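Visitor: Hey, I'm new to this one. Can you walk me through a few spots?

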Amino acid sequence: MLLGLQGCIESRLSVELFTQVHGDGTCTRRVEYRLERVDTDKGDARVAIRPEDDPLVRWHRFPTGDPWQVREETQTGLHVIVLEALLPSAAAIDGDFYRARAPRAHPARNFVSAFVDAEHGAYEYQEVIRDPSSPLAAARALSRAALKRDEAFAEGFAEALAGKGAGPRESDVRRAYRERLAEPFAREVALLAERPLYGPRERRDLDEIFDHIDEKQKDLAARLSALAPGTPSDEIEAAAEASFNSLGDGLLAQLDEAGLPLLTPEGQDRLHFRATLVMPVPILRANTCVTGDTAVWEFEEGTSSGAASR
């Protein structure tokens with residue numbers, strides 16, 4: 001319900017990465033972060049950005065000191081940070097993008113590998129942005145933790161059902177929880193995690209996995225009702241729901257503490273990247289479209305890689 005009430009407010013963060021490798025192996029690097037917070041119900045009118053709503057304040061870390069120059073601009077609904085440096089080599093770029101959603105979270109960051117042989121006109125460059133704290137990583141952590149919470153679910157179920165009728169044996173409740181909910185959920189997440197990419201299709205598939213949790217919860221309640229025929233099914237369902245909700249709240253709190261975002265709403269708080277690479281000679285090979293000495297990549301938040309060589 002909170003997402004529905006706040007759905008008109010969107011945070012739009014774009015990151016522009018510009019890299020120019022010079023003939024002598026030195027490198028110009030420019031990174032621009034542009035955050036806009038808008039009200040879509042008012043024609044994308046900008047609204048004030050509070051520090052607690054600003055990922056550039058809360059999550060991102062930026063290189064400092066020589067040779068970096070930093071410019072910052074703030075207006076109502078707009079926060080821009082621009083970093084620029086002339087570096088001794090492209091390898092010095094490594095780690096200049098860094099974002100951690102929580103103090104204990106594994107950061108999203110960039111990794112750079114470069115090779116320069118100026119004498120023979122050979123230049124190679126590869127940059128990868130990895131985020132170990134992705135929604136898929138959160139789902140894996142959640143599914144693994146849920147597998148270990150059968151005892152907690154059984155205890156919560158018994159407490160919620162107290163005084164309302166005889167319930168199943170604790171061992172039967174734990175088994176039903178594992179077989180009807182925790183294990184199927186963990187299998188679905190594990191299969192999704194085996195895919196080599198996490199992109200738009202995988203985000204939709206992950207949403208569907210969570211949408212089907214309600215079905216698994218109903219199946220669990222039906223199984224528990226069959227194990228306690230002398231107790232009204234509505235009492236069993238209410239007790240199962242209460243225990244499941246309490247358990248879920250605790251697991252979600254653990255994810256928040258670890259900086260693991262379970263789901264990112266479409267259109268909200270998602271990063272858009274645009275990366276431009278300029279080489280000192282025409283680019284012969286790249287995993288994107290190339291025009292002469294320039295290659296450009298555009299991608300949404302998630303693991304991505306850019307590579308080019310001459």
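Visitor: Which residue stands opposite T294 in β13?
Guide: That's T291. Keep in mind that this is a predicted model.

Visitor: Okay, and how do β12 and β13 pair, parallel or antiparallel?
Guide: Antiparallel, over 2 bridges, with β12 covering residues 290-291. The two strands form a hairpin with 2 residues between them. G292 sits in that turn and has a positive phi of about 65°.

Visitor: Which residues are on the covered face of β13?
Guide: A295, W297 and F299. The uncovered face of β13, a strand that spans residues 294-300, has T294, V296, E298 and E300.

Visitor: Why do they take turns like that?
Guide: In a regular strand, side chains alternate between the two faces of the sheet.

Visitor: New topic: which residues form the negative surface patch?
Guide: D207, E208, D211, D214, E215, D234, E237 and E241.

Visitor: And which elements give two or more residues to the negative patch?
Guide: Those are α6 (200-211), α7 (213-227) and α8 (233-257).

Visitor: Where is D214 found?
Guide: In helix α7. D214 has a relative accessible area of 49%, so it counts as partly exposed, since the exposed label needs over 50%.

Visitor: What about E36, where's its place?
Guide: E36 is in strand β2, residues 27-39. Its relative accessibility is 23%, so E36 is partly exposed too, as buried means under 20%.

Visitor: How many Å separate the C-alpha atoms of E36 and E202?
Guide: 27 Å, and along the chain E36 and E202 are 166 residues apart.

Key:
Residues are numbered from 1 along each chain as its sequence is written. This is a predicted model: local features need pLDDT of at least 70, side-chain atom pairs count only at pLDDT 80 or more; totals for chains, interfaces and linings use all residues. Side-chain values use heavy atoms; hydrogens and water are left out. Buried means under 20% relative accessible area, exposed over 50%, partly exposed in between (1.4 Å probe, protein chains only). Helices (H or I, at least four residues) and strands (E, at least two) are DSSP runs, numbered from the N terminus. Two strands pair if DSSP finds at least two bridges between them. Patches are made of residues with over 30% relative accessible area and no salt bridge: like charges are joined within 9 Å, nonpolar side chains (Val, Leu, Ile, Met, Phe, Trp, Tyr) within 5 Å. Accessible areas come from the Shrake-Rupley method with a 1.4 Å probe; for residues, only the protein chains shown count as cover. A salt bridge is a side-chain nitrogen of Lys or Arg within 4 Å of a carboxyl oxygen of Asp or Glu. Lys and Arg count as positive and Asp and Glu as negative; His and the chain ends are not counted. The place of a charge is taken as NZ of Lys, CZ of Arg, CG of Asp or CD of Glu.
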